[in-house]
Amino acid sequence: MGQDVVSSASNVFLYFIAIFIPPLTVFIKRGCAADFWINICLWILGWIPGVIHAWYAVFSDSDADV
């Protein structure tokens, strides 16, 4: 029926980078848009919200590519 989608190597690298610098990951995926500034604010409030948002940005953008 449906195929399981595996992230590309670049997305896996971005997931790893998001652990250390979440805003950089969002900037690479989405540019200097609203998501980047939201991630900066979340990262200032706490490391975990910034990482979760960065992972969401990579994941949701990878779904659009399929």
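Predicted model: local features only at pLDDT ≥ 70, side-chain atom pairs only at ≥ 80, totals over all residues.

Reader: What share of residues 36-58 is helix, and what share is strand?

Author: Residues 36-58 are 96% helix and 0% strand.

Reader: Which residues does UniProt place in a "transmembrane region"?

Author: The UniProt record, an unreviewed entry, gives that feature at residues 12-29 and 36-58. Residues 12-29 are 94% helix with 0% strand, and their end C-alpha atoms lie 12 Å apart.

Reader: Thanks! Switching to the surface: which residues make the nonpolar patch?

Author: The patch covers about 1,200 Å², and among its members are Phe16, Phe20, Leu24, Phe27, Trp43, Trp47 and Trp55. Helix 1 (9-20), helix 2 (22-30) and helix 4 (47-65) are the elements that each give two or more residues to this patch.

Reader: And which helix gives the most?

Author: That would be helix 4, with four residues.

Reader: What about Phe27: where does Phe27 lie?

Author: Phe27 is in helix 2. Its relative accessibility is 41%, so Phe27 counts as partly exposed.

Reader: Which residues of helix 2 are buried, then?

Author: Pro22, Pro23, Thr25 and Val26 are the buried ones in helix 2. They sit on the same side of helix 2, because the arc they cover around the axis is only 155°.

Reader: What follows helix 2?

Author: Gly31 comes after helix 2, and the phi of Gly31 is positive, near 80°.

Reader: New topic: is Asn39 buried or exposed?

Author: Asn39 has 0% relative accessibility, so this residue counts as buried. Asn39 belongs to helix 3.

Reader: Which residues is Asn39 in contact with?

Author: Leaving aside neighbours within four places in sequence, Asn39 is in contact with Pro22, Pro23, Val26, Gly50, His53 and Ala54. Pro22, Pro23 and Val26 are also among the buried residues of helix 2.

Reader: I also spotted Asp35. What does Asp35 touch?

Author: Not counting residues up to four places away in sequence, Asp35 touches Val26, Arg30 and His53. Asp35 lies in helix 3, which spans residues 34-45. With 22% relative accessibility, Asp35 counts as partly exposed.

Reader: How many residues apart in sequence are Asp35 and His53?

Author: Asp35 and His53 are 18 residues apart in sequence, and their C-alpha atoms are 8.8 Å apart in space. His53 is also in contact with Asn39.

Definitions and conventions:
Residues numbered from 1 in each chain as written. Heavy atoms only, no water. Patch = residues over 30% accessible without salt bridge, like charges linked within 9 Å, V, L, I, M, F, W, Y side chains within 5 Å. Areas by Shrake-Rupley, 256 points an atom, 1.4 Å probe, with all protein chains shown as cover. Salt bridge = Lys/Arg side-chain N within 4 Å of Asp/Glu carboxyl O. Buried < 20%, exposed > 50% of the residue type's maximum accessible area, 1.4 Å probe, protein only. UniProt positions renumbered as here; feature names shortened; annotations may be inferred. Arc of directions from axis to C-beta. Contact = heavy atoms within 4.5 Å.
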